[in-house]
Amino acid sequence: MTYKPKSEFLHVMQSRGFLQDCTDLEGLDDRLLEGVLPAYIGFDATADSLHVGSLIQIMMLRWLQKTGHKPITLMGGGTTKIGDPSGKDESRKMMTPEVIDSNVGGIFKVFEKYLTFGDGPTDAVQPNNAEWLDKLNYIEFLRDIGPHFTINRMLTFESVKQRLDREQPLTFLEFNYMLLQSYDFMELNKRFGCGLQMGGSDQWGNIVNGVDLTRRISQTQVFGLTTPLLTKADGSKMGKSAAGAIWLNEDKLSAYEFWQFWRNTLDADVGKFLRLFTEIDLDECDRLGALEGSEINEAKVILANAATTLAHGAEAAAAAEATAKEVFEKGGVGDDLPTVSLDTADVGDAISIVQLFVKSGLSGSGKEAKRLIADGGAKLDDVAVTDAGTMVSADQLRASIKLSAGKKRHALAKLS
């Protein structure tokens, strides 16, 4: 029989589809009922934004705060210098401290849209593990932490096994990552009373190690909870699109493109995505997800508006919907379409249509743009482009032109 949580947070996690595994579900449930529980998720600063692939974790932290507990958004300023082998096929490229710090600042802009930060008991905090990892004495770390880990057990974790099974190198540097992540949990427990680490199911081994280490050294019971790894109904990875990553910062991806990502959700994913990525009532999520035919498109607009409101605000969501109606229903241009500004020096008297599609981001390469044209999917101001040798004049670009790749992806191009 499925365990029925008594705490509001675990009830939300279970009923909305966030819950995969927990180290002690009943024990965590009891602890949540005792009072405010600080809980963390770690994010390495590998880019200056997070993308939709991290949104399930961000929503967990948001629900944690909404149900009366304290979110900790741990930034991996220290662990980013090493790299987590979980789910990776190759070693991570090394980054300078300056780049990492800049990325941390960009990521904070994402979190402050979803969470309330401050000094209150349930206000979110954002520590950086470089604060303690950068100061570690290697010999002392090996002496104090090393004895609690065995190579035998570490080799059983899926993240390690997958790399070894594929005969891909796993450096000693990366092998140390799980020790450092476990140390993070123990340190957060000491500093903030953190009693719960959450993450994707690929983090299960790292989380369990942290629970064990904190119990052994600090003599404290803490908990771990994971979410299912999320894929779309067609099996593709969440957070990616044909044009690249779906970033959560507007300076990396416009609110309109973000809105379009959700509007283009596969029919079979609508109900699930409403439960995970919006705060719409569960009964309404189920009703909307069960719609069929043209009606499911109404549900997709509701999903797009709700998800975009959380990430960019209600005004941005409304503007994106208005632009979509203008573009799709009336054949217009729309004020909110992503725009690429071209330098006069780059264009000269004219620029090829192939280059325009690449510069606008609608095609990843010249080869891809030519294929799009050959397949009949490229349009210039709503007129099909049939010749990959077509040139667009500087005069045309001064007035701005509309580029379309298929029926759903559009951009404006103009001279700056």
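Biologist: How many bridges join strand E2 to E3?
Modeller: This is a predicted model, and in it strand E2 covers residues 38-43 and runs parallel to E3. Gly42 stands opposite Leu74 in E3. The number of bridges joining E2 to E3 is 6.

Biologist: Nice start. What is the order of the strands in the open sheet?
Modeller: The sheet is open, has 5 strands and shows mixed pairing. Its strand order is E1-E5-E4-E2-E3.

Biologist: Which strands stand at the edges?
Modeller: An edge strand has a single partner strand, so one of its sides is left without a neighbour in the sheet. That applies to two strands, one at 21-22 and the other at 70-75. They are E1 and E3.

Biologist: Let's turn to the aromatic rings. How many aromatic pairs are there?
Modeller: A pair of aromatic rings is described by the distance of the centres and the angle of the planes. Rings are paired here if their centres lie within 6.5 Å. By this rule the count is 9.

Biologist: Are the rings of Phe258 and Trp262 stacked or edge-to-face?
Modeller: The ring centres of Phe258 and Trp262 are 6.0 Å apart, and their planes stand at 70 degrees. Planes over 60 degrees apart count as edge-to-face. The pair of Phe258 and Trp262 is therefore edge-to-face.

Biologist: And how far apart are Phe258 and Trp262 along helix H12?
Modeller: Helix H12 spans residues 255-263 and holds both of them, about one helical turn from each other. Phe258 is buried at 0% relative accessibility, and Trp262 is buried at 0% too. Their separation in the helix is 4 residues.

Biologist: What kind of aromatic pair do Trp262 and Phe277 form?
Modeller: The centres of the Trp262 and Phe277 rings are 5.1 Å apart, with 50 degrees between the planes. This pair links distant parts of the chain, as Trp262 is in helix H12 and Phe277 is in helix H13 (residues 270-277), 15 residues apart. Stacked pairs need planes under 30 degrees apart and edge-to-face pairs over 60. An angle of 50 degrees makes the pair tilted.

Biologist: Is Phe277 buried or exposed?
Modeller: Buried means under 20% relative accessible area. Phe277 has a relative accessible area of 1%, so it is buried.

Biologist: On to salt bridges. Which residue meets Lys300 in a salt bridge?
Modeller: The structure holds 15 salt bridges. The one at Lys300 has an N to O distance of 2.6 Å. It links distant parts of the chain, from Lys300 in helix H15 (residues 295-312) to the loop between H12 and H13, 33 residues apart. The partner is Asp267.

Biologist: How far apart are the closest N and O atoms of Asp269 and Lys272?
Modeller: Asp269 is buried at 2% relative accessibility, while Lys272 is partly exposed at 27%. A salt bridge needs the nitrogen within 4 Å of the oxygen. The pair qualifies, with its closest N and O atoms at 3.8 Å.

Biologist: Last one: which helix gives the most to the nonpolar patch?
Modeller: The patch lies on the surface and is formed by Tyr138, Ile139, Leu142 and Phe172, with about 440 Å² of accessible area together. Tyr138 is partly exposed, with a relative accessible area of 45%. The helix that holds Tyr138 covers residues 138-144 and gives 3 residues to the patch. That helix is H6.

Key
Residues are numbered from 1 along each chain as its sequence is written. This is a predicted model: local features need pLDDT of at least 70, side-chain atom pairs count only at pLDDT 80 or more; totals for chains, interfaces and linings use all residues. Side-chain values use heavy atoms; hydrogens and water are left out. Patches are made of residues with over 30% relative accessible area and no salt bridge: like charges are joined within 9 Å, nonpolar side chains (Val, Leu, Ile, Met, Phe, Trp, Tyr) within 5 Å. Accessible areas come from the Shrake-Rupley method with a 1.4 Å probe; for residues, only the protein chains shown count as cover. A salt bridge is a side-chain nitrogen of Lys or Arg within 4 Å of a carboxyl oxygen of Asp or Glu. Buried means under 20% relative accessible area, exposed over 50%, partly exposed in between (1.4 Å probe, protein chains only). Two strands pair if DSSP finds at least two bridges between them.
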